[in-house]
Amino acid sequence: MIYTQNLPSGFKSHLPRFGEFDVIVVGGGPAGIAAAVTAGEQGYRVLLIERLGFCGGAAVAGLSGTICGLYLTVNDPAKATPEQIIFGFAERFRDALYREGGLTEPQIYGKTWVATHDCAKYKKVATTLLRSAGVTVLYHTQMIDVISENDELKGMVLHTKSGFTSVYAHKVIDASGDADVVYKMGLKTSTGDKGVIQNPTMMFKVGNVNMAQYLEYWGQDTISPPKVVSMLEARDELLRKKVWLFPTVNPGELLVNATKITGFDKRALNVTDPVDHTEAEQFSIYQAEAFFNFMKSNIPGCENAYFIDYATEVGVRQTRSIDGIARLTNDDVVNTRKFDDGIARTSWPIELHYGDKPRTEWLVEDYYEVPFHTLVPRIGRNLIVAGRCLSSEHEALASCRVTAQCFEYGRAAALAADLSLKEDIDFQSIDGVQIAELMR
């Protein structure tokens, strides 16, 4: 199906103005929160645009529910103590969540650890940080087009419940996750491995689990043990054969990551297409119900469990990636490469969600760094990205896209916006080493 990408220029020029800002952040996920708060605390007039009624992105709306990427990977987490390797805004948010009672202690996840968060607490922490930083927030608002001259982004067209409006900015941070601003400017993007992307998933929560019985059977690792994988492999109606279950901060509650979302005809879906995105949401309901029934019948401690709710929307792992000045390669990840302009460390594995089982390649006792210029499009003055739409190869993205690192991409983008405004230079002209030094 073919869609119209942009509005007529005459329509855009006659829209009422909402305002003019130093920095506009599009998208309120982890990267967008970090970017907006950091820019606001630097004294800039900041607008955050979010299509939903809360911040958190896939971490909340998609119920991904865990802060991944904080810790070093080791051979045997049961015999080790978690070693945190990323701090900055990621640590600030982690600490605030923990103090609110909204984050578990580190839980074993294969060869590393994660911490499971409560979505209600996440929303509150994000709201408090944004309000404290003086950020103007527009919820229930979509960026639907750009206002640009040649390769310079001037502003955007927004759609609200009250109609269309325009907004202007000196700098824009695209934290949409899908490179929406980059795409609307007509700049080059890529999608996965020759169009093949990772499967979305539908997360859900269940309650009234007898946690003692469950943990005795399942074990401390949140990834399914071999005996569960064997049962899943024998069930045709369950498309995913390796699953993850996370105890939450609430007694008797499990966060379940156990679905593989395809079309009803089993085709892979691209959720930038509204037809595919809609089908993903519909198909996910049946997959979640099937796995919940499996839990009640086969997992000790879950016999009397009840279904709490699905995520607000399917969790999206991958869509568009920008054509950046730098590109994080698969080789950079597997060889744990370090960079002079590295803005974020990560020891998170390459975790590809495609096919029956997620494929995991661990980076044991080491980490790589993400270079600053993966956030900077080759073309597009006044524009930088933050989050999973950064410039990377397919398998590299399966590692670098997780929450802790996205917080730091947002912080780096805001620091770059500050430098760009103060020195009156484009993002493309910024010395990435200078941003890396500021991050440290």
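1. Start with the open sheet. Its 3 strands run in the order β3-β5-β4, and their pairing is antiparallel. The edge strands are β3, residues 66-67, and β4, residues 107-109. Each of these two pairs on one side only. Bear in mind that this is a predicted model.

2. Now the pairing of β3. Its partner is β5, residues 112-116, and the two are joined in the antiparallel sense over 2 bridges.

3. Move on to helix α12, which spans residues 432-439. Which of its residues are buried? They are G432, I435, A436 and M439. Seen down the helix axis, the buried residues of α12 fall within an arc of 100 degrees, so they line one face.

4. What do the buried residues of α12 pack against? They pack against β16 (342-346) and α11 (403-423).

5. The N-terminal end of α12 has a cap, D431. A side-chain oxygen of D431 lies 3.0 Å from the backbone nitrogen of V433.

6. Follow β16 onward to β19. These strands pair in the antiparallel sense over 4 bridges. A344 stands opposite V370 in β19.

7. Strand β19, residues 368-371, is covered on both faces. Y368 and V370 are buried on one side. E369 and P371 are buried on the other.

Definitions and conventions: Residues numbered from 1 in each chain as written. Predicted model: local features only at pLDDT ≥ 70, side-chain atom pairs only at ≥ 80, totals over all residues. Heavy atoms only, no water. Pairing = 2+ DSSP bridges. Buried < 20%, exposed > 50% of the residue type's maximum accessible area, 1.4 Å probe, protein only. Arc of directions from axis to C-beta. Contact = heavy atoms within 4.5 Å. Polar contact = N/O pair within 3.5 Å; in protein donor to acceptor, adjacent residues only side chain to side chain.
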